[in-house]
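Take a look at the structure below. The text that follows leads you through it step by step.

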Amino acid sequence: MRAEEELIGDLLVARGVLDLAALDEARALAERWKVPLADALMARRALRPLDYYRTLAQHFDLELADLRSDPPDPTLLDPALAQEYVREGVIPWRRDERGIITVAVTSPGPAAVLAARRLTGQRQLRLAVCTRFDVSIAVQRAFRSELVRKAVYGLAETDPDMSARRVVTDPQLLFFYLLLTLLAAGLAFAPLTTLIGLNLLMSVFYLGNFVFKGVLAWAGGLAGEGSARALETAARLLREDELPTFTVLVPMFREPEVLPILAHALRNLDYPLGKLDIKIVLEEKDEETIAAARALGLEGVFEIMIVPASQPQTKPKACNYALQFARGDYLVIYDAEDKPEPDQLRKVVAAFRAAPPNTACIQCRLNYYNARENWLTRMFTLDYSLWFDLMLPGLERLGVPIPLGGTSNHFRTEVLRELSAWDPFNVTEDADLGIRLTQKGYRVGVIDSTTFEEANCRQGNWIRQRSRWIKGYMQTFLVHTRRPIHLLRTVGPLGMLGFVFFIGGTMLSGILNPIFWTIFGFWALTQTGVFDPVFPPLILWLSVMNLLLGNALFIYLTMVAPFRRRWLELAPWALTVPYYWVLLSIAAYKALWQLIRKPFYWEKTQHGLSKQMAEELAKAGVAARP
Amino acid sequence: MLRCFRLALLALGVWLSAVAGAAAQPPAQASGTEQVILRRIGLPDLGFQDGLVLEGLGTSRDVFFPVPRDLPVLEARLVLRAETTSLFTGRRGLSVLVNGRPVLTRPLRDGGERIEVSIPLDEADLARGNGFLRVTLRSSGALTDNRCLDLRLAGEQIAILEGTHLELRLPADAQPSAASLLQIMPREVVVLTRPGPLQPVEAAAALAAGHALAAAGRRVSFSTLAAAGGAEQRDWERGFVLVSQRDDGALGEAGRLQVVRFAGVPALALDAGRPDLAARLLAEPWRPVAAQPAQTVNEARPRMPGETPRGIALASLRGDLAAQDAAERASWTIEFSARDLPPGTRPASLALDIAAAPDTAGERAVAAVFFNEVLIGSQQLGLQVPHRMVVPIPEGLAGLDNRVRLVVTRRARGGDCETLPVALPAQLLPSSMLRLASASGTPSDFFELAPRWRDGVTILTDAPITAESLSPMLALLRTHVRPGSPLQLRPASAGPSPAPFLAFTADPPPGVRATPVRFDRGRLRLVDREGRPLLELSAGGPSLTAQLVSTENGIPGIWVRRAGAAAVPPALALDRGDVAFADAAGIALAFAAGRDQLVRVTYPDQPDPWTLFLLYRPWIIGGLWLALTAVFIGIFVRRWRRRNPGAGGSAA
């Protein structure tokens, strides 16, 4: 620890701001974590940040700058240096009558002076002390429109071909038009041949879908337990002082009640709190959640960021905004109701260090803590178990681009900034980013660490959520098929196949299922022969195989999905999965409609509906809301 | 001495002549005052429509002419007409035997010749046959010294022409039994009824009689007594059956069958209270029972010999199961109709018991089974005889008339013409069965109704029944109903039929709501899958339309609609499908309206929305495509304007 920090610590105790025990603890933590004393003190809520910085100012006999009431002179600020101001903790404040610039710093010292001179271009400067949050807020206020613009249009301006800002491009429109023209001509002049051709296409697609997902699950099942144990050991061996700063983004909207759960979970992480850069990202108009977050009195490592109101109002835009203030080498997004396993961040760091250098993201598994609440939560759990425990490892094993899943995606921050992070116009920004990472030459790794969250327990809410996911998949599919040759070159044939069947298959099967099930049901009830011409023998047998073997395969996979977690009691519920598919089809049609009418609309999923929520809130030390 | 010898010879010759003359006394000669009718029984009467052919040398055929024993034949002659063909020079001859007695032997010329011979027959010839005159036709000859070669040479044949016949002169007042009359009745038979509307039992009797006679190979027509005239015929070329319902006192609920005289020839009369019962006696197997000139019938129902719940013995179906000597090949053909099946059944499999001796080298024969000329199974037969071969009959193969053919083949030993091929016996045993399975509840093809009529059929009509209206009914009865099955005629006004029916009405039968083809919607047009017209008929429809229908209670039937007095073919074999259009030549088109996707029925004068759509499909789709194109153009224009706001359009 620096001698100055020692003195500051003694000063804090002398002034009665901090007791000696707390100081000793903070000093020990700072030593262990190899972080400044201030960070250790903020992590322990030992004192208010303002008290610390006031003492700091007194120690250095500098003015304490209140940048909220006395904001910096905008003429002194350069938008291009906004991130540096935040990163260095240095911001030009005001100029006196002699033209000397006073620079507000968070940590006075030689480094701050050098940074101040570099950022202002002046040699003669005066220093003042301010809080770290004040620097962040000052930058946000001064460069509000620039920051918002970058958050919204960053990707669209730097890489327009990868942005869903345009739902379909002109060539795509033309392609659709030509396809429809071909279809119309076929129906007009050779209707039966055309219908047979369509039927054959869809049947082959179904077959490919079944085969591909079966192969995925098989490949995923081959992933051994050995690698998981090795990672766990490597994570445990990491010393706290060698752990890097980790930025945690928690975007929220109208869900004040569940924040305590995440806060509790983050506090329980086996990771130095002082090395966490936690940003609670809230929308400017969400006053209720803002008030609730402030009322929680969170530690100094929690920063509440207010995203200015702008369109589209989506989670990826909020994350893009917050990314501009991220200080960590790695970054992760958690939802407010998430409960990551305590050693997750350590495992991620260990995984990054063991992974090839082009690994830009580590995806952890997701599952639910209210799995047994009702039928829907059980099905949701089976769904996620199949996806994360079997298919995701299969995708990794086969080298197929991985569409990232919602939360617990851990990134290298620099790569995120390089790729302009998330697409705010895509409602499944995570899936899109996963494909984009692969196209840019990066890879996504998967590790065996689970984040538990709340499964949707109401069908209406579930349909809204799933329709957003499917709409996002549609957007992702449209974006990444704009340049099919480029996609093929960047992800390879297997990757292309995987992309088509995974992204395309998920959305298309939801749309096609009702058509085929209706045909089958009508035939079974009436024994009509009206469909016979469209099902010549080859297609009939293919369709029967899809109906029987394909669906049986999916039911079987759903049944074995929870085996890895030893949740055998969930397996029999897999037999009811056909109704789950009905809900999925409803969501698919809703998604298609929204893609046409409101492509960027974010269908908000309501959280906190679960009966288990009260239990989780109680664990988090807050009484549940009735 | 020599003189005495000559006298003795003369006496002997006279005596011999007397004896021979006495022995060869012809049938009773017609005196100049006695009326005589001439009956010519030709090969077509026996089923040989085109005569018959003796192929090769050393061939023999037997033909049986019916000559009932109670028939008083005055004179009989066998008239033989034949044509020979030969390619090679050789020695060949034709022999004719009558009931085993040679009556003709003559050499045949090389190259070919035409033969016409009239052979007188005597009483002894007729009496020996026990009701039949067996005429054996035999060809023989030699071309080379190699008998094997001779047997295999082609190009040798003797065609016995259809003009070959047996002439019988009978007294005009002859009164044989009904059974005998039926045996010798000419091919052309007219069923006569009284003029005007017929009572149901009269119509049923006329139909049953016509049906039984048609099943026996007669050409039947219907007429009235007045129209027939009754002019006496000396050449008995037409037979008559007279039908009338009369109150004959104590015979009110019975039918009477008797031989009468009409138009100068013996005729059959069916009368009393229930002439339809009497008519049933004309059907096999009851026909031989009518062994008297008159018979009263209280009941007669058809029976199916050889039938068990599991199947029907092949021996009771139409075919010859006799043993054959097969050097290379033997074949048996058994025919059966759907009307031979018990109600509610369908052919499921064949259980064939085959006996075929292995050849001298111990090699086994091979049996192949054909069903309606489709190979459905083959097996190598075992060394032990008999061999049971069970062959399933694929669904969809059986129809109205079916044919089972068994072919047993073996590799012939010999053939080098040093040794004759050895023919070894083979036989399809009488224990062979046609196994049956349950048929589905609702018939989807015409032929599936035939078994349901095995025990009787209800015929619905909506007009008074006359002799003229009986022909269409017979056309269907003879193909779908077993002779002798009870017929019940019922007016359509009596309501829905309680049993499977045949309806001959202008409107749909009572209780039937939906029919595949309608006649109340103007013109009828058949189109193919692409909508191209195949057949268009005027508002009246085709001359004859048959449709498979069901009443609301699920009773199936065939509805036959006839346009006016359109001509009807003699037989109407409705097999597959549920709609058939026919004319005087037969069935023009038959299809399954529900199942067949190749043909569709439309009504151009009253098209339904779906038909209109199909008709104008290219235009409708073209219009939609134009609208779609306009939408896409609008989208492109809007996007272009958004990108170029200064270029004449406002930004979106």
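This is a predicted model: local features need pLDDT of at least 70, side-chain atom pairs count only at pLDDT 80 or more; totals for chains, interfaces and linings use all residues.

Start with two strands of chain A, β8 (residues 330-333) and β11 (residues 409-412). They pair in the antiparallel sense. Four bridges join them.

Now widen the view. Which strands make up the open sheet? There are eight, in the order β7-β6-β5-β8-β11-β10-β12-β9 of chain A. Find β8 and β11 side by side in that order. The pairing across the sheet is mixed. At the edges lie β7 (302-307) and β9 (339-340) of chain A. Each of these edge strands pairs on one side only.

A helix packs on this sheet. It is α13 of chain A, residues 287-295. Which strands does α13 touch? The answer is β5 (246-252), β6 (276-283) and β7 of chain A. The direction of α13 makes about 150° with that of β6(A).

Two packed helices are described by the angle between their axes and the distance between the axes. Here the pair is α1 (residues 3-14) and α4 (residues 49-60), both of chain A. Their axes come within 10 Å. They cross at roughly 115°. The crossing of α1(A) past α4(A) is right-handed. From α1(A), the contact uses A:Leu7, A:Ile8, A:Leu11 and A:Leu12. From α4(A) come A:Thr55, A:Leu56 and A:His59. Sorted by class, the residues of this contact are five nonpolar and two polar, with no charged residue.

Step back to the whole of chain A. It has 626 residues, and 45% of them are buried. Its elements are 23 helices and 12 strands. Take the contacts in chain A with a separation of 6 or more: 80% of them join residues 24 or more positions apart.

Finally, turn to where chain A meets chain B. The contact takes 14 residues from chain A and 15 residues from chain B. On the chain A side, α9 (170-189) and α10 (191-221) each supply at least two residues. Which element of chain A gives the most to this side? It is α9(A), with nine residues. By class, the side of chain A that touches chain B holds 10 nonpolar, two polar and two charged residues.

Note on methods: Residues are numbered from 1 along each chain as its sequence is written. Chains are lettered from A and ligands numbered from 1 in the order in which they are written. Axes are lines fitted to C-alpha atoms, for helices over the stretch in contact, and angles run from 0 to 180 degrees between N-to-C directions. A crossing is left-handed if the near helix is turned anticlockwise from the far one by less than a right angle, and right-handed if clockwise. Two residues are in contact if their C-beta atoms, placed from the backbone, lie within 7 Å. Ala, Val, Leu, Ile, Met, Phe, Trp, Tyr, Cys and Pro count as nonpolar, Asp, Glu, Lys and Arg as charged, and the others, Gly among them, as polar. A residue is buried if 20 or more other C-beta atoms lie within 10 Å of its own, exposed if 12 or fewer, and partly exposed in between; C-beta atoms are placed from the backbone. Two strands pair if DSSP finds at least two bridges between them.
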